[in-house]
Amino acid sequence: MIALYIFAALIIAYFLVFSVIVAIEVPKIMDRDPAARNPLEIFLLYSGLHAVANHRIAHVFYKLKLFFIARLISQTSRAITGIEIHPGAKIGKGFFIDHGMGVVIGETTVIGDNCTIYQNVTLGGTGKDKGKRHPTIGNNVMIGSGAKVLGPFTVGSNSKIAANAVVLSEVPENSTCVGVPARVVRINNKKVAAELDQIHIPDPVSQEICKMHMLIDELNKKIEKLEGDKQ
Ligand SMILES: CC(C)(COP(=O)(O)OP(=O)(O)OC[C@H]1O[C@@H](n2cnc3c(N)ncnc32)[C@H](O)[C@@H]1OP(=O)(O)O)[C@@H](O)C(=O)NCCC(=O)NCCS
């Protein structure tokens, strides 16, 4: 019976802490999500917010080296929200996961303050690294839906990663990165000039041969015409 009381007390304590963490984040999300209607809706229905609150509790257990409890919280949260955050990930203030389903954040990921990510984002490893395997994200970074950021490099503060980009290397601050593999297309809102393509340079010899073929074709046609006129 006592064990049951202790269990009930732990569950109540969990939900109290969870509610406080969620309540702190609600005004920030009101500011950032144009679809947000009222604070109660955010508090009760935003799965991204719930996943982050669960993560903050799981991370405390992770730091206390209570890895099983940490993982239990993160996997239960994943089952409910569809968002998997490894309890080892370090996440700054004001982190907002919009929509959320399919998000995966790896163990050695570090995320700065006031970042936003959308559904199906992966902050993962390539499988080639040991130790620090996952990215470090600066402050005020936005990562669009479906983007994958893979490897132990840094995404600079105030950068934007486009929807569905696959980022495999360092991203400078204040930049926009798009495509697969991702490339920087804007820095400080200015277009980055495309680099000279050193590989697909036209071959001058084949160009000359091509010109000669055209000339021969033209001459052949003229000869055929002259022979036709003679007959
Ligand atoms: C990248 C993004 C943030 C715009 O950033 P920006 O700095 O304003 O960049 P721009 O819109 O000026 O686009 C820069 C270039 O990248 C291209 N681009 C933009 N988004 C792209 C994408 N997802 N994939 C490929 N190219 C993209 C633009 O066409 C433009 O090309 P150009 O230089 O040839 O004109 C935005 O397009 C984006 O992808 N946001 C994600 C939002 C999201 O995930 N929403 C989900 C809501 S449910």
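## Strands and pairing

Two strands count as paired here if DSSP finds at least two bridges between them. Strands (E, at least two residues) and helices (H or I, at least four) are DSSP runs, numbered from the N terminus. With that in hand, strand β12 (residues 160–161) is joined to β14 by two bridges, and this pair runs parallel. Within β14, C177 is the bridge partner of I161.

A word on what you're looking at. This is a predicted model, in which local features need pLDDT of at least 70 and side-chain atom pairs count only at pLDDT 80 or more, while totals for chains, interfaces and linings use all residues. Residues are numbered from 1 along each chain as its sequence is written.

The hairpin of β14 and β15 has four residues between the strands, and in it G179 takes a positive phi near 95 degrees.

Next comes β16 (residues 190–191), joined to β15 by two bridges and running antiparallel. I187 stands opposite K190 in β16. This hairpin has two residues between its strands, with N188 taking a positive phi near 50 degrees.

## Around the ligand

So which residues come nearest to the ligand? They are G144, S145, A162, T176 and V178, out of the 14 residues around the ligand (near means that the C-beta atom, placed from the backbone, lies within 6 Å of the molecule or strand). β14 (175–178) and β15 (183–187) are the elements that give two or more residues to this shell.

By class, the shell has five nonpolar, six polar and three charged residues. For that count, Ala, Val, Leu, Ile, Met, Phe, Trp, Tyr, Cys and Pro are nonpolar, Asp, Glu, Lys and Arg are charged, and the others, Gly among them, are polar.

## The parallel sheet

Elsewhere, five strands form an open sheet in the order β1-β4-β7-β10-β13, with parallel pairing. At its edges stand β1 (84–85) and β13 (166–167); each has a single partner strand, so one side of each is left without a neighbour in the sheet. As background, strands of a sheet pair through backbone hydrogen bonds, either parallel or antiparallel.

β1 is joined to β4 (residues 104–105) by two bridges, and the two run parallel. I85 has I105 as its bridge partner in β4.

## Domains and the core

The largest nonpolar core has 36 residues, of which I143, V149, I161 and V167 touch the most other members (a nonpolar core is a set of buried Ala, Val, Leu, Ile, Met, Phe, Trp, Tyr and Cys residues joined through C-beta atoms within 7 Å). Two or more residues come from each of α1, α3 (47–63), β3 (96–97) and β10 (148–150), and α3 gives the most, with four residues. Domain 1 and domain 2 both give residues to this core, so the core lies between them. Leaving aside neighbours within four places in sequence, V149 is in contact with L123, P135, I143, V155, I161 and V167 (contact means C-beta atoms, placed from the backbone, within 7 Å).

## Two residues to look up

M30 is found in helix α1 (residues 2–32). Is M30 buried or partly exposed? It counts as partly exposed, because 14 C-beta neighbours lie inside 10 Å (buried takes 20 or more other C-beta atoms within 10 Å, exposed 12 or fewer, and partly exposed is in between, with C-beta atoms placed from the backbone). Beyond neighbours within four places in sequence, M30 is in contact with A36, P39 and I42. M30 and R183 are 153 residues apart in sequence and 32 Å apart in space, C-alpha to C-alpha.

T108 lies in the loop between β4 and β5 (110–111). T108 has 18 C-beta neighbours inside 10 Å, so T108 counts as partly exposed. Leaving aside neighbours within four places in sequence, T108 is in contact with G88, K132, R133 and H134.

Methods
Two residues are in contact if their C-beta atoms, placed from the backbone, lie within 7 Å. Domain bounds come from an automatic or database domain assignment.
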